[in-house]
Amino acid sequence: MDPIEVVSSESIELRFEARRCIHSRGCVLSRPDVFVPNVEGAWLHPERATAAEIAELAHNCPSGAIQYRRRDGGPEEQAPRVNLAHVRENGPLAFHADLRIAGQAPTLRATLCRCGASKNKPYCDGSHAAAKFQATGEPAVGKMAELARRDGPLEVTPSRNGPLLLKGAIEVVSGTGRTIAKLTATALCRCGGSSNKPYCDGSHSKIGFLSD
């Protein structure tokens, strides 16, 4: 499979980036006629849905693997009014924000590894399952000072052999939707070893975590 597949209908261009897919399966479960699983050859069929329906599928894709470009003059995807980082139990950090991940093209959605095992860092590739990674999706409530601004660019820098360094407005949300922190800068664990997940506590140095 090519890293990025592009298939167009009259109304929309559908893009699928395989290396970012975490197989949440929302696309194939909700529209198996558009995203046809387990077939040889063409499996993306945007012509079977309206542009608005394709856009909705993309907006519900947590990893950002599904993207689109409207060809019918309709609205393109906009940055959210609140930058969010969802903490997935035993899994990755799911971001919805105006993301500026170092070395990558700007994006609005991404799932980033926090188990330390992904072979596609900083993105999640599902390795947390094989690694039997365990981490709560309901961390304790932390710093909650109101933010002067809740949107805007969010810079994400994977530090060498260390955590994800965030700069910009971000609200950290638990698996059940509770806001547990409101921050303008923080360091999130990506080695899997922190005792204060989802935040870094320096464990990457103790366990010899290696990653560019």
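Visitor: Before we start, what counts as an aromatic pair here?

Guide: Rings of Phe, Tyr and Trp (its six-membered ring) pair if their centres lie within 6.5 Å. Keep in mind that this is a predicted model.

Visitor: Okay, how many aromatic pairs does the count come to?

Guide: The count comes to two aromatic pairs. In one of them, the ring centres of Phe-16 and Trp-43 are 5.1 Å apart with the planes at 90 degrees, so this pair is edge-to-face.

Visitor: Which parts of the chain does that pair link?

Guide: Distant ones: Phe-16 sits in strand β2 (residues 12-17), while Trp-43 lies in the loop between α1 (26-30) and α2 (51-59), 27 residues apart.

Visitor: And Phe-16, buried or exposed?

Guide: Phe-16 counts as buried, at 5% relative accessibility. Trp-43 is buried too, at 14%.

Visitor: What does Phe-35 do with Trp-43?

Guide: They form an edge-to-face pair, 6.0 Å centre to centre and with 65 degrees between the planes. Phe-35 is buried, at 0% relative accessibility.

Visitor: What about Asp-151 and Arg-149?

Guide: Their side chains meet in a salt bridge as well, at 2.6 Å, N to O. Asp-151 is partly exposed at 28%, and Arg-149 is exposed at 52%.

Visitor: Which residues do shared partners join into one network?

Guide: Glu-17, Arg-19 and Arg-20, through salt bridges that share partners.

Terms used: Residues numbered from 1 in each chain as written. Predicted model: local features only at pLDDT ≥ 70, side-chain atom pairs only at ≥ 80, totals over all residues. Heavy atoms only, no water. Phe/Tyr/Trp six-rings, centres within 6.5 Å; stacked < 30°, edge-to-face > 60°. Helix = DSSP H or I, 4+ residues; strand = E, 2+ residues; numbered from the N terminus. Buried < 20%, exposed > 50% of the residue type's maximum accessible area, 1.4 Å probe, protein only. Salt bridge = Lys/Arg side-chain N within 4 Å of Asp/Glu carboxyl O.
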